[in-house]
Amino acid sequence: MTANNAMSIACASCGETLSDRTPHATCPKCDGLLDITPASPPARGVELQKLFDARASDYAMRGTAIQSSGVWRFRELVLQTDDASIVTHPEGNTPLLHRNAVSQYVGIDSLRMKHEGHNPTGSFKDRGMTVAVTQARRCGATAIACASTGNTSSSLASYAAHAGIPALVMVPVGRISMGKLAQTVAYGARTLLVRGDFDDCLRLVRESAQSLGVYLGNSLNPFRIEGQKTIIFELLQQCGWNPPDWIALPAGNLGNTSAFGKALREAHELGLIEKIPRLLSVQASGAAPFAHAFAEDFANRHRVRAETIATAIRIGDPASWDRGVAAIRFTNGVVAAVSDEAIMEAKSVIDASGVGCEPASAASVAGVKALVARGVIKPGESVVTMLTGHVLKDPEKILTSDAHSPHPHPSAPIEIDANLAAVERVLKSVAN
Ligand code: F0G
């Protein structure tokens, strides 16, 4: 990052530069991905840490939503704008959790989980959406749209409602969880059930943005990436600016992988951290084009027809491919794929620890376990893994599990007659 007084936006493919109030989420000339370079912050290194730390202390006691947001605390590195245009609930300030049962399961004593399911709509998407919807307001958008596997649509619907901008979402019919669909509809988005998969939905929404002038809210939009960077800034702050050795996350469309790589690069360039943690991006094995490419040192871009129980990451043609590759290369990272069985097993351990998460989130924990088993992550290393979505996001995967299901939940409910003897029988089996 070179010193600059104002934020700049340029196309990573053709170099076209755009105004900071652009209504385009991809390059208007070549449809390439746009990169944002934030304005130089007022300080570097320890001084910048102090600025952010002063804002973080007793955030809950502060007056305004902007002051208590875990995204806008880092506003110098996110988006320079006036308070009046900011659309915030607030969001962020998510906990970093340690549970012995999960640590033992993966074989890392110091494993911590950053639970992004604590965001206002229950997933990490709120971090990017507060910034993208703020930008939609800044550029005078008349409608905002996205394709989604359910979390982006819930988040976009909520923030658009807050901003008073109409929302249009496209989801693959029958292929997103009921919880997410209900949430999206509840917040008032016009919801289109598309006969196709997520990749079809994304193609359609991109065409709609180009031809119909709606503002694109997917993570192709560089303002989403700027907001999602704060997951890393906040994590680094929680670690006293002493980064862990590894940061693991589930990967689908690669927006978050991209944001993490960009955040780590900027944090390093600004002297916020000295060491760069290694990223571990984890895909479901039935939706793993990025993991296939990693195994070939990214010689080819892969596309697959995606299938996995983790509907949030059922994506076959990730949109932020080049940014994702850059993030893995910059952090000397690793991309892994884990089976649905491994995902659901990890989820049952996380759930039973009292923390809970949706299936896609558990992929990150399953990925850490797999890399420990392969000897890539050493038992003495420090690892933070991202839980990207709340346990209630996907209730079907818990309640439809029974003894005959391929993934029975260990505490699936038991129907009983309304008498004490029946309760006693169950209590005995639980106590044993
Ligand atoms: N975890 C959860 C819970 C998600 O909802 C998603 C993506 C990811 C991980 C993967 O993140 O796409 O940035 O690599 N969900 C999107 C959606 C696709 O529409 O909600 P990514």
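## A tour from the ligand to the sheet

Start by selecting Gly-255: one of its backbone N or O atoms lies 3.1 Å from an oxygen atom of the ligand, a polar contact (a pair of N or O atoms within 3.5 Å). This is a predicted model, where local features need pLDDT of at least 70, side-chain atom pairs count only at 80 or more, and totals for chains, interfaces and linings use all residues. Residues are numbered from 1 along each chain as its sequence is written, and side-chain values use heavy atoms, leaving out hydrogens and water.

Next, click on Thr-152, where a backbone N or O atom is 2.8 Å from a ligand oxygen. Then show the side chain of Asn-151: one of its N or O atoms is 2.8 Å from an oxygen of the ligand.

Three strands (DSSP E runs of at least two residues) form an open, antiparallel sheet in the order β2-β1-β3. β2 (17-18) and β3 (34-37) are at the edges with a single partner strand each, so one side of each has no neighbour in the sheet. Select β1 (residues 8-11): four bridges join this strand to β3, where strands pair if DSSP finds at least two bridges between them. As a last stop, find Cys-11, which stands opposite Leu-34 in β3.

Technical notes. Polar contact = N/O pair within 3.5 Å; in protein donor to acceptor, adjacent residues only side chain to side chain.
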